Amino acid sequence: MHDYYPIIDAHSHLWLRQDTEVDGKRIRTLHNGRSEFMGEERQMLPPFMIDGRNTAEVFLSNMDYAQVSAAVIVQEFIDGMQNDYLAEVRSRYPHRFKVTGLLPYLQSVNTAKVEELLNHGFCGMTIPGHRLRRKDGSRLALNSQELMQMYQVMDVHHAILSLALEPGTGQIAEVEDIIHTFPDLKIAIAHFGMVGSEGWMEQIRLARHKNVMIESGGITWLFNDEFYPFPGAIRAIREAADEVGMEKLMWGSDYPRTITAITYRMSYDFFTKSKVFSDEEKHLFLGENARRFYQFEDPVHLPYVKNMSE
């Protein structure tokens with residue numbers, strides 16, 4: 001329970017069914033929340049989600065329970081292309097979700113498709129930059145000619161680039177080039193800069209640029225070994241805030257992946273219960289920064305409902 005202010009999840013995922021291939025390895029929905037994942041069976045969803053459907057309606061139930069007003073849906077190659085489903089989600093629940101598009105970047109970058117998605121209400125595009133390796137080991141550069149053409153289209157539409165980077169500093173110069181070329185393009189750096197990896201603070205420092213934000217999607221996964229209440233994550237958020245300012249950081253859950261280990265509320269209340277941050281810093285990190293950056297208007301007010309165990 002918290003003194004009410006809108007909470008917004010800046011990094012989450014939805015899909016109807018996983019059925020894809022990444023790096024030549026199969027990913028597909030099995031049963032009881034499990035998936036075949038690159039040669040092994042993994043618990044992809046909580047075991048009570050027995051049909052493997054990670055739907056907006058189930059997520060909304062979690063959001064209402066946890067008092068999360070709205071969420072940004074980003075995409076990942078490992079879930080398969082979800083553009084069609086996310087178009088439906090955005091149409092059905094425009095006040096609760098912002099959705100991003102995804103293209104098969106290693107195969108082609110279709111700027112006409114980008115135009116279509118942005119014209120149909122998608123707030124931006126996701127690039128899983130950590131999965132741009134080709135079969136020969138080379139990598140598609142984030143500032144390649146075809147991707148720069150996509151950013152130009154996005155810039156015209158005032159769209160947002162959700163960008164996950166490889167651990168470390170290998171893609172920093174490419175991102176700096178994008179920022180220099182399109183200084184008004186909004187960019188959200190995912191996974192809190194892959195905190196814990198060498199050079200993670202260099203990813204955080206990208207937020208020194210005016211239109212770059214950092215979101216914490218997956219931070220509880222990155223500190224899974226220490227588990228709740230994730231003291232290492234608290235220290236990392238404090239360090240990042242001291243470096244670039246709390247107004248540049250946004251909470252993200254990485255739902256539903258992280259809730260195989262913890263509840264959805266636990267993915268943020270380790271932060272709300274911390275005494276390291278002021279009330280104003282909590283307000284900024286958990287909602288206000290994302291509300292402003294993604295332009296959520298009038299986030300829904302969700303009352304606290306007591307558990308039967310209380």
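Strands E4 and E5 (residues 40-43) pair in the antiparallel sense over 4 bridges; two strands are taken as paired if DSSP finds at least two bridges between them. Helices (H or I, at least four residues) and strands (E, at least two) are DSSP runs, numbered from the N terminus. This is a predicted model, in which local features need pLDDT of at least 70 and side-chain atom pairs count only at pLDDT 80 or more, while totals for chains, interfaces and linings use all residues. Residues are numbered from 1 along each chain as its sequence is written, and side-chain values use heavy atoms, with hydrogens and water left out.

**Strands E3 to E5**

E4 and E5 form a hairpin with 2 residues between them, and Met-38 in the turn has a positive phi of about 55°. Across this pairing, Phe-37 stands opposite Glu-40 in E5. On the other pairing of E4, 3 bridges join it to strand E3 (residues 25-29), and the two run antiparallel. Thr-29 has Ser-35 in E4 as its bridge partner. E3 and E4 also form a hairpin, with 4 residues between them; Asn-32 in that turn has a positive phi of about 55°.

Buried means under 20% relative accessible area, exposed over 50%, and partly exposed in between (1.4 Å probe, protein chains only).

**Aromatic pairs**

Rings of Phe, Tyr and Trp (its six-membered ring) pair if their centres lie within 6.5 Å; planes under 30 degrees apart count as stacked, over 60 as edge-to-face and the rest as tilted. By this rule the count comes to 16 aromatic pairs. One of them is the stacked pair of Phe-59 and Tyr-255, at 4.0 Å centre to centre with 15° between the planes. Phe-59 lies in helix H1 (residues 56-66) and Tyr-255 in the loop between strand E12 (249-250) and helix H9 (266-272), so that distant parts of the chain, 196 residues apart, are linked. Both Phe-59 and Tyr-255 are buried.

Phe-230 and Phe-270 form an edge-to-face pair, 5.4 Å centre to centre and with 75° between the planes. This pair also links distant parts of the chain, with Phe-230 in the loop between helix H7 (219-222) and helix H8 (231-244) and Phe-270 in helix H9, 40 residues apart. Phe-230 is buried at a relative accessible area of 1%, and Phe-270 is buried at 3%.

Ring pairs also join Phe-59, Tyr-93, Phe-97, Trp-251, Tyr-255, Tyr-264 and Tyr-268 into a cluster.

**Nonpolar cores**

A nonpolar core is a set of buried Ala, Val, Leu, Ile, Met, Phe, Trp, Tyr and Cys residues joined through side-chain atoms within 4.5 Å. The largest has 90 residues, and those with the most contacts inside it are Tyr-105, Met-150, Tyr-151 and Phe-192. H8 gives the most to this core, with 7 residues. A second, separate core of 14 residues includes Ala-10, Val-72, Ile-160 and Met-250.

Contact means heavy atoms within 4.5 Å. Neighbours within four places in sequence aside, Met-150 is in contact with Leu-103, Tyr-105, Val-109, Thr-111, Val-114, Met-125 and Ile-127. Ser-162 lies in strand E9 (residues 160-164) and counts as buried at 3% relative accessibility.

**Salt bridges**

A salt bridge is a side-chain nitrogen of Lys or Arg within 4 Å of a carboxyl oxygen of Asp or Glu. The structure holds 23 salt bridges, including those tabulated here.

| Salt bridge | N to O distance |
|---|---|
| Glu-40 and Arg-42 | 3.1 Å |
| Glu-76 and Arg-131 | 2.7 Å |
| Lys-273 and Asp-269 | 3.6 Å |

Glu-76 lies in the loop between strand E6 (68-73) and H2, and Arg-131 in the loop between strand E8 (124-128) and helix H4 (145-156), so their bridge ties together parts that are 55 residues apart in sequence. Glu-76 is buried, with a relative accessible area of 8%, while Arg-131 is partly exposed at 22%. Glu-40 and Arg-42 are partly exposed, Glu-40 at 42% and Arg-42 at 40%. Lys-273 is exposed at 57%, but Asp-269 is buried at 9%. Elsewhere, Arg-133, Arg-139, Glu-166 and Glu-174 are linked in a network of salt bridges.
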